[in-house]
Amino acid sequence: MENQSQQTHHPKKHWYDRYYKIMLFAPVVLLAICIIYLFSFYSQNGDIIYKDPSLSGGTTITITEEVDVEDLELHIQQSVPDVHIRVISDISTGRQIAVLIESSSSPEVLIPLVEEFIGKPLNESNSSIEFSGPSLSDNFYKQLAIAVLISFILMSLVIFFLFKTFVPSIAVIFSAFADIIMAVTVANLLEIRLSAAGIAAFLMLIGYSVDNNILLTMRVLKNRGQSVNSRIYSSFKTGILMTCTGLAALIPAFFIVTGLPDSFRQIFFILAIGLTATIINTWLTNASIIKWYAEYKKID
Amino acid sequence: MAKITFRIWVLIISLFLALLMISPTLRDGVSIKNVDSSSKSFESGLRQGMIIKEINSQQINSLEDYNLIAEQLLLNGEEKRISIVTKDSSFVFLDSNISSITVGKIPKSNIKTGLDLSGGARALVKPVNGSLTDEEVSDLVEITNQRLNVFGLTDLTIRSVKDLSGNNFMLVEVAGASRQDLADLVGKQGNFEAKIGNQTVFIGGERDITHVFRDATQSAVYQPESLGDGTYISRFTFTITLSAEAAQRHADITKLIPIDPSSGGQYLSENLTLVLDGEIVDELRISSGLKGQVTTQISIQGSGTGTTPDLATADARSQMHKLQTLLLTGSIPYQLEIVKLDTISPSLGEQFTKTLIILGLVVFLMVSLVLFLKYRKLKITLAVILTMFSEAFITLGIAALLRWNLDAASIAGIIAGIGLGVNDQIVILDESRSKDNSTIKEKIKKALFVVVGAFFTIIAAMLPLFWAGAGLLRGFAFTTIIGITVGILITRPAFADMIRKMGEQ
């Protein structure tokens with residue numbers, strides 16, 4: 001087996017034979033760092049993500065008026081200390097498109113403060129006002145967390161059913177898990193306040209993540225008559241193209257922010273981070289595990 | 001010319017059916033969203049859903065045209081002859097303006113957009129204590145539907161939703177209602193009582209109140225008066241008809257009340273107090289002539305306030321309208337709480353829709369660019385693009401058929417679903433072109449393994465979203481699942497045939 005692969009394949013693959021176990025090490029360390037980070041994040045914030053008012057309870061007011069954001073923040077902070085203000089601006093012109101004012105207080109408190117600042121009443125045509133009661137949003141959040149869990153378990157069952165072998169299935173599930181953990185970590189580092197739609201994106205990420213892994217595992221286990229390395233390499237070529245087209249479809253959304261709903265951008269953002277993570281977890285983690293497994297089981 | 005296979009025919013027919021479902025049109029005019037049922041325009045026969053083409057011989061092509069004319073009419077405030085030509089008919093009435101009519105853009109197709117794209121208000125309602133049984137929530141939906149209809153809102157969706165832990169909520173989505181309207185009409189129990197002393201004379205609902213007058217002859221809003229402190233008050237009055245039983249009760253109670261001597265014998269010594277959900281709406285003096293009389297017609301009064309005379313009148317009109325609605329529809333047997341209340345500006349939504357179309361085009365372009373760079377074959381790239389487009393289009397067709405409201409998350413679902421579809425196509429392409437020793441049949445079997453495997457994982461992953469968070473995100477799950485199902489059943493087989501034909505050539 002070893003001999004054969006040396007005769008028929010590119011010299012650069014010796015390199016892979018020697019280092020693939022070490023290549024497994026890197027993503028595992030990265031994952032460990034992410035998990036430690038999330039633990040410390042949890043101990044500081046009482047949760048593993050930043051939540052927007054739809055999940056933590058409170059009000060989001062979106063206005064299309066051009067305002068001085070710092071002044072607005074100061075003005076509101078005098079009465080409501082926990083206010084977050086975000087600006088959506090056009091990437092090419094830098095023009096302010098919308099201002100999002102988020103706070104845990106009720107609309108009855110927040111609306112007059114904003115009206116005072118902009119000097120006119122907020123109505124249906126100049127603003128959007130979203131309010132979620134604290135108990136409801138708490139409940140929503142818990143349910144979405146359970147949904148992610150259920151979805152992960154269902155996905156694992158499908159994977160076990162597909163491959164019917166333990167190690168390859170666990171490898172696929174593990175890399176999907178790592179994708180999610182890494183995406184959550186990056187979202188936290190960028191201080192993204194997740195909405196319900198953002199969490200739904202994690203479910204979608206599970207789907208995207210297994211695509212590559214199923215392909216890799218299937219080719220390694222079923223493509224008879226080729227060396228394991230060439231099977232991995234051929235799936236790498238296909239898989240990376242899949243990820244690239246995926247990213248090509250997602251990335252324009254960040255440049256065309258003009259007038260895109262926030263929920264929409266969050267879904268795309270989480271998917272984009274997640275897809276980037278799949279490159280690491282599929283082609284370093286899962287590929288190494290499956291190669292190890294194939295050599296151990298002497299699959300050919 | 002390549003032969004069109006059965007699978008490609010299926011794709012062509014599906015695309016054609018989707019086009020029929022979506023049925024895009026390019027009509028001019030504006031569509032009536034709502035007509036105030038107590039207005040003269042309503043009397044003349046104008047109704048929701050009609051398409052306005054002309055007002056006073058001026059052509060109406062767009063919302064801008066309409067708003068311009070509406071403003072002109074409002075400015076010169078006198079009563080005048082207004083003639084409105086709709087698509088099928090014409091209407092004439094006398095009024096000072098056309099503010100009783102709410103209009104919107106003509107739907108360009110059967111695709112319905114969700115609240116976050118079209119604008120409107122949404123409320124999620126539950127009782128103050130605990131949850132509702134399935135039966136209670138369907139009763140609540142019915143009463144609320146009636147209330148909003150009586151109030152004059154027609155473009156609405158009211159349904160019960162269930163979350164993962166089995167709690168029932170009522171979800172109300174309505175275009176053209178303000179925050180306050182929803183809070184007052186949906187969140188309120190609507191418990192109306194007319195009392196003398198501590199005795200109840202009549203309550204809201206059809207048992208005691210047989211009719212509520214809403215036309216101009218028996219209901220009115222009076223000229224506002226200044227209160228001196230910079231605010232204005234405007235009073236309103238309207239007549240209701242009591243049932244025989246309630247009228248008798250009124251007679252029995254007033255019989256025992258003495259006449260107030262300080263009023264010069266004009267009024268009784270106790271007042272009729274109108275109470276709504278524990279708050280006093282108004283207190284009315286009872287004319288001494290009514291003492292012990294069985295009267296079926298009672299006049300109800302109240303007031304609205306505001307910082308300008310116009311605001312006071314508008315407030316009075318709105319208060320009257322809501323009170324009339326609650327008197328007609330009666331109360332709900334428990335206290336309600338609005339746990340989520342969103343109002344989305346339609347102007348933001350308009351931008352969203354435009355941007356989404358541009359975004360869609362850019363996504364197609366980017367994906368085809370990547371694929372062209374990789375395969376260097378125009379035909380293959382075109383086949384992928386055609387497949388992507390077909391998937392999106394057929395998904396939209398199914399959404400139109402099911403009258404599914406597409407919100408931003410649903411559209412994200414369509415795009416993400418197409419992304420997954422492209423992944424599958426790449427697998428098919430690469431498997432069919434791979435140089436391993438297996439036969440074509442084995443290759444297709446392997447590609448199918450990946451495609452079907454990915455299909456079931458995505459379905460498994462999306463399933464919980466149908467219930468989590470009161471199903472507010474089910475649109476995302478729905479379009480993703482429809483998209484990938486269309487992919488696996490219709491577009492993917494056709495794509496595989498196209499690629500095979502290209503291979504043969």
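User: What ipTM does the model score?
Analyst: The model is predicted rather than experimental. For chain B, the pLDDT averages 83, and 97% of the residues score at least 70. The pTM is 0.79, and the ipTM is 0.85.

User: Which element gives the largest share of the side of chain A that touches chain B?
Analyst: The contact takes 63 residues from chain A and 64 residues from chain B. On the chain A side, the elements that give two or more residues are strand S5 (127-132), helix H6 (134-163), H8, helix H9 (228-250), helix H10 (252-255) and helix H11 (262-297). By class, this side has 38 nonpolar, 21 polar and four charged residues. The largest share, 14 residues, comes from H8(A).

User: At roughly what angle do the axes of H7(A) and H8(A) cross?
Analyst: Helix H7 of chain A spans residues 166-189 and helix H8 of chain A spans residues 196-222. Residues of H7(A), including A:Val172, A:Ala176 and A:Ile180, meet residues of H8(A), including A:Leu205, A:Val210 and A:Ile214. By class, this contact has eleven nonpolar, four polar and one charged residues. The crossing is right-handed, and the axes come within 9 Å and cross at roughly 145 degrees.

User: Which strands are the edge strands of the eight-strand open sheet?
Analyst: The order is S3(A)-S4(A)-S2(A)-S5(A)-S20(B)-S8(B)-S10(B)-S9(B), with antiparallel pairing. The twist averages 15 degrees from one strand to the next. An edge strand of this sheet pairs on one side only, and the two in question are strand S3 (83-89) of chain A and strand S9 (156-162) of chain B.

User: What is the bridge partner of B:Arg122 in S20(B)?
Analyst: Strand S8 (residues 120-127) of chain B pairs with S20(B) over eight bridges, in the antiparallel sense. Within S20(B), the bridge partner of B:Arg122 is B:Asp342.

User: At about what angle to S2(A) does helix H5 of chain A run?
Analyst: Helix H5 of chain A comprises residues 107-118. This helix lies across strand S2 (58-63), strand S4 (96-103) and S5 of chain A. Its angle to S2(A) is about 25 degrees.

User: Why is one side of S12(B) and of S18(B) left without a neighbour in the sheet?
Analyst: The open sheet of four strands in chain B has the order S12-S11-S17-S18, with antiparallel pairing. Strand S12 (199-203) and strand S18 (279-287) stand at the edges, so each has a single partner strand.

User: Which residue in S18(B) is the bridge partner of B:Leu272?
Analyst: Strand S17 (residues 267-276) of chain B runs antiparallel to S18(B), and seven bridges join them. The bridge partner of B:Leu272 in S18(B) is B:Leu284.

User: What separates the centres of domain 1 and domain 2 of chain B?
Analyst: The domain assignment of chain B gives domain 1 (6-24 + 346-504) and domain 2 (30-105), among others. Taken over C-alpha atoms, the separation of these two centres is 44 Å.

Note on methods:
Residues are numbered from 1 along each chain as its sequence is written. Chains are lettered from A and ligands numbered from 1 in the order in which they are written. This is a predicted model: local features need pLDDT of at least 70, side-chain atom pairs count only at pLDDT 80 or more; totals for chains, interfaces and linings use all residues. Axes are lines fitted to C-alpha atoms, for helices over the stretch in contact, and angles run from 0 to 180 degrees between N-to-C directions. A crossing is left-handed if the near helix is turned anticlockwise from the far one by less than a right angle, and right-handed if clockwise. Two residues are in contact if their C-beta atoms, placed from the backbone, lie within 7 Å. Ala, Val, Leu, Ile, Met, Phe, Trp, Tyr, Cys and Pro count as nonpolar, Asp, Glu, Lys and Arg as charged, and the others, Gly among them, as polar. pLDDT is the predictor's confidence in each residue, from 0 to 100. Two strands pair if DSSP finds at least two bridges between them. Domain bounds come from an automatic or database domain assignment.
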